[in-house]
Amino acid sequence: MLQSFTSNSCVRLIQTHKSTWYFLFLILGYILYLMFGAVVFSSVELPYEDLLRQELRTIKKQFLHDNECLSEERLETFLEKALAASNYGVSILNNVSANWNWDFTSSLFFASTVLSTTGYGHTAPLSNAGKAFCIIYSLIGIPFTLLFLTAVVQRIMVFSTRRPVSYMSTRWGLSKPLVAVVHASVLAALAASCFFIIPAAIFSSLEENWNFLESFYFCFISLSTIGLGDYVPGESVNQRYRQLYKVGITVYLLLGLVVMLVVLETFCELQQLKSLRKMFYLKKEKPQDRLAILEHDHLAFTSVSHQTSTTSIKEDKAKDVTDPVLTSPGGDDPMIR
């Protein structure tokens, strides 16, 4: 008896707080996914890191052996300064010294990566004035960019998603959720072709050291606003039409970001995903004042309805009493008729 009561209480508790339990499972799943990613990245990349460390130690030892007049401390100091400059996008190599990081087109590309929160990290402000301006510029520019992208995406959604789905559903008599799923899949395939596959092929032909996978990797990392910065186009030696190339990349990133947001918004409007999201949301509770007003209105409506019905009954009774029944004086006498 006690066991049955306990099990019923547990079932009732779970059903009452169903969204909370779903939310806890979501947190647990996200933590497990993070740990899974860490394990895979560590097992895949750690051997390459160890191999690179050993190679650098061997090169450094060989260099010191060939140049005995150079001490290890002086070499370490030189390497520290060179690496610190490289982190700011400044290299001491002769073959890349011709490329400037802060000409107009490079600065335009940097501003676009800052406002879109991509942030490759290959170039960073060197001066204190530049760092202070970057803070103020981002503080104003990022919300402004979000407002701009939201307005653009909402207008595009009318013509790219809502009207086509309504038209196809009405014209062909199909279920609107089914049409929305097919439309979202086709839209995602077109976006992947036009902003991932085709640009990856173009980048692999324009960049000397990039293959197709590396180019596709750059496109995905950029348009998802991850921006790792390990691959940045237009930084190779003697890049032809570098200024125009940088402007074209900036336009590609902004257009690609808009298209990605349109695709994501299209998928978010699917009925299936809306139902999935509602599993983790808290139910909206009506404020107490609103409940009191609704209850008061309901009582008032009930009393008015009762009064109206009572009044109508009284009027009917009065009508039955006051209205005479008209009969012929002679009744059924055939002589009178």
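Accessible areas here come from the Shrake-Rupley method with a 1.4 Å probe. On that basis, the accessible surface of the protein chain comes to about 25400 Å², and carbon and sulfur atoms account for 68% of this surface. Please keep in mind as you look around that this is a predicted model.

Let's begin with the overall fold. The protein chain has 10 helices and zero strands, so its pattern along the sequence reads α-α-α-α-α-α-α-α-α-α. The chain holds 337 residues, and 21% of them count as buried. Among contacts with a separation of 6 or more, 58% join residues 24 or more positions apart.

| Residue | Helix | Relative accessibility |
|---|---|---|
| Pro 199 | helix 6 (residues 176-206) | 9% |
| Arg 277 | helix 9 | 31% |

Pro 199 counts as buried because its relative accessible area of 9% falls under the 20% cut-off. Leaving aside residues up to four places away in sequence, Pro 199 touches Ser 193, Cys 194, Cys 219 and Tyr 252. Ser 215 is 16 residues from Pro 199 along the chain, and the C-alpha atoms of the two are separated by 7.9 Å.

Arg 277, by contrast, is partly exposed, because its 31% relative accessibility lies between the 20% and 50% cut-offs. Arg 277 also belongs to a positive surface patch, together with Lys 176, Lys 274 and Lys 278. Helix 9, which spans residues 271-278, supplies the largest share of this patch, with three residues.

Conventions:
Residues are numbered from 1 along each chain as its sequence is written. This is a predicted model: local features need pLDDT of at least 70, side-chain atom pairs count only at pLDDT 80 or more; totals for chains, interfaces and linings use all residues. Side-chain values use heavy atoms; hydrogens and water are left out. Patches are made of residues with over 30% relative accessible area and no salt bridge: like charges are joined within 9 Å, nonpolar side chains (Val, Leu, Ile, Met, Phe, Trp, Tyr) within 5 Å. A salt bridge is a side-chain nitrogen of Lys or Arg within 4 Å of a carboxyl oxygen of Asp or Glu. Lys and Arg count as positive and Asp and Glu as negative; His and the chain ends are not counted. The place of a charge is taken as NZ of Lys, CZ of Arg, CG of Asp or CD of Glu. Helices (H or I, at least four residues) and strands (E, at least two) are DSSP runs, numbered from the N terminus. Buried means under 20% relative accessible area, exposed over 50%, partly exposed in between (1.4 Å probe, protein chains only). Contact means heavy atoms within 4.5 Å.
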